[in-house]
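Work through the exercises below with the coordinates open. Each task is followed by a stepwise solution.

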Amino acid sequence: IGLTAIAIFKNSPVDVLVVAGNKALHLDRLFLACQPSAAGGPAADRAASIAARYASSLTIGIAYDPGLKAFALASHFEEAMQRQAKEEALKAAGIAEAAGVRHVKTVIKRGDPWYKTLGEEATAAGAGLIISGLDSEHGLSRLLPGAGTGRLVGFSPCPVLIAKKAS
């Protein structure tokens, strides 16, 4: 996925469905791909809505990466990231359950980069659609917001729906 696609992801006022290569779309198993700071956002709402409408199972995947901060700030930093990831997973699961989704599972993984880790988890879950928001704007993503989401498309075993905020 190149810079033009990333610009479309970032600037589109509506959700963007990316079907790269010969990846098949099926709605029986959905995968919500999140970073810890974004699990309760528009992607969770969209995933819950689609899962409820099509009686899909939903796996909520959150990947966190303590990076070099963990070495500098000891194990307390990674523990805090795990807690945040668990809280965000519960928030996303609550959104799904409130929408009437019957089969919700959460997967929390330490992984760098997040998009590769979640692509692997989506493959393991047999996902037919990944729902994600734009990656949060921290680290290198501040320079190129959406670049991680673009890479998620490359690591994805299936189409990716990039959920945008409702206008």
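A nonpolar core is a set of buried Ala, Val, Leu, Ile, Met, Phe, Trp, Tyr and Cys residues joined through side-chain atoms within 4.5 Å. The model used here is predicted.

**Exercise 1. Find which residues of the largest nonpolar core touch the most other members.**

Step 1. The largest nonpolar core has 24 residues.
Step 2. Leu-30, Leu-32, Leu-58, Ile-60, Ile-62, Leu-129 and Ile-131 touch the most other members.
Step 3. Two or more residues each come from β2, α2 (42–54), β3, α4 (75–98) and β5.
Step 4. A second core is separate and has 17 residues, among them Phe-9, Ala-122, Leu-152 and Ile-162.

**Exercise 2. Give the strand order of the open sheet and place its edges.**

Step 1. Six strands line up as β1-β6-β5-β2-β3-β4, with mixed pairing.
Step 2. β1 (16–18) and β4 (104–110) each have a single partner strand, so one side of each lacks a neighbour in the sheet.
Step 3. On average, neighbouring strands are turned by 20° against each other, direction ignored.

**Exercise 3. Explain why strand β2 (residues 29–34) is largely enclosed, then trace its pairing.**

Step 1. Buried means under 20% relative accessible area. Five of the six β2 residues are buried, so the rest of the structure largely encloses this strand.
Step 2. β2 runs parallel to β3 (residues 57–64), joined by six bridges. Arg-29 stands opposite Ser-57, and Cys-34 has Ile-62 as its bridge partner.
Step 3. β2 also runs parallel to β5 (residues 129–132), through four bridges. Here Leu-30 has Leu-129 as its bridge partner.
Step 4. Helix α4 lies across β2, β3 and β4, at about 160° to β3.

Terms used
Residues are numbered from 1 along each chain as its sequence is written. This is a predicted model: local features need pLDDT of at least 70, side-chain atom pairs count only at pLDDT 80 or more; totals for chains, interfaces and linings use all residues. Side-chain values use heavy atoms; hydrogens and water are left out. Buried means under 20% relative accessible area, exposed over 50%, partly exposed in between (1.4 Å probe, protein chains only). Two strands pair if DSSP finds at least two bridges between them. Axes are lines fitted to C-alpha atoms, for helices over the stretch in contact, and angles run from 0 to 180 degrees between N-to-C directions. Contact means heavy atoms within 4.5 Å.
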